Amino acid sequence: MEIKSKKLAVLIDADNSSLNSIQFVLEEIAKYGIASVKRVYGDWSNEALKNWRDILLPHAITPVQQFAYTKGKDATDMILIIDAMDLLYSNALDGFCIVSSDSDFTPLASRIRESGLTVYGFGRNKTPEAFVKACDKFIYVENLEAENKQNILKDNNDKESKELNSQFMLDKYSLNLIYKAVKDNADDSGWAYLGSVGAYLTTVKPDFDTRNYGYDKLSGLVKALDLFEIKMKGSQMYLRKRSFGTFVKFVQKAINQNADSRGWASLFSIIQALEKSDFSIRNNEEAIRSIHSGWIEFSENNKMIKIAKAMP
């Protein structure tokens, strides 16, 4: 079955956008649909916008002229909004991409969403929160620029490319949001489909972007956190919050299943059992050794393991 690509209108506010990032923005937009309309708005008689002319033709972007009739009034914003409403009423589009860091477009984004169309926002980190949250998804252009730099470094096999991921830290709010996303989308066994988790994150926080933390995809970020059990069903990833108590019980059960007459099981056999399980742990041996001695104990050579005797 052929999947229909979304038809999108790309409306660029030249006064509040960086021309150096437009190529990256258009490449990102291609992930979401086809840019059926591409327009950039500004007063092209203004010397400050002269460099924009060099990128219009290569990217097939139509310039829309709007003179600043009154000093202090942003006529560019007004004509962009008027065009957006005309396009909205044409019923020929599935969504809009508004490229600007200006909060004046907040009502426009809200109005488009009320009509059932998707709104993608693109702007700088300084973009006011009101506009960010008015969009279905908001992408910071700094992430697109950093991603492009990272790709160049990888292509050049530069060591710096390996260091880029280390500069990002997941803030407490975002971490708690991921936990809540997993919890709210989990089945009776605690497993949540990664796609549903991602959709939840974007709905609650439109500017949630794994590139903020140095990862191209949510799956990479989740694996790096090492806080969730992970399993695959075909190409689909599922995760659930890791419970240390559940892990301990699994290890004890594996010991019982592999133990000799004295209750000892080889550490190797327990590690093998973990590798075949749903637990996704970077270092199974290290995790086993972190279990409190009140639950399990090791032999003198540390190669055998058994369930600890009950405390008196």
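Predicted model: local features only at pLDDT ≥ 70, side-chain atom pairs only at ≥ 80, totals over all residues.

Me: ok, how do α9 and α10 pack, at what angle and how far apart are their axes?

Reply: Helix α9, which covers residues 194–204, packs against helix α10, residues 218–225, at an angle of about 100°, and their axes are 11 Å apart. Angles of 65 to 115 degrees count as roughly perpendicular, and that makes α9 roughly perpendicular to α10.

Me: which residues make the contact?

Reply: From α9 the contact uses L194, V197, G198 and L201, while α10 brings in L218, S219 and V222. By type, the residues of this contact divide into five nonpolar and two polar, with no charged ones.

Me: switching topic, what volume does the largest pocket have?

Reply: The largest pocket has a volume of about 380 Å³. It is lined by 16 residues, and the closest to its centre are K137, T210, D216, K217 and L218.

Me: and which element gives the largest share of that lining?

Reply: That is α9, with four residues, and α9 and α10 each supply at least two. The lining divides into five nonpolar, four polar and seven charged residues.

Me: where do Y32 and Y120 lie?

Reply: Y32 is in the loop between α1 and β2, whereas Y120 belongs to strand β5, so the pair ties together parts that are 88 residues apart in sequence.

Conventions. Residues numbered from 1 in each chain as written. Heavy atoms only, no water. Axes fitted to C-alpha atoms, helices over the stretch in contact; angles between N-to-C directions. Parallel < 35°, antiparallel > 145°, perpendicular 65-115°, else oblique. Contact = heavy atoms within 4.5 Å. Nonpolar A, V, L, I, M, F, W, Y, C, P; charged D, E, K, R; others polar. 1 Å grid on protein atoms, 1.4 Å probe; cavity = no way out; pocket = protein on both sides within 12 Å on 5 of 7 lines; lining within 4 Å. Points joined across faces, edges and corners; volume = space filled by probe spheres on them.
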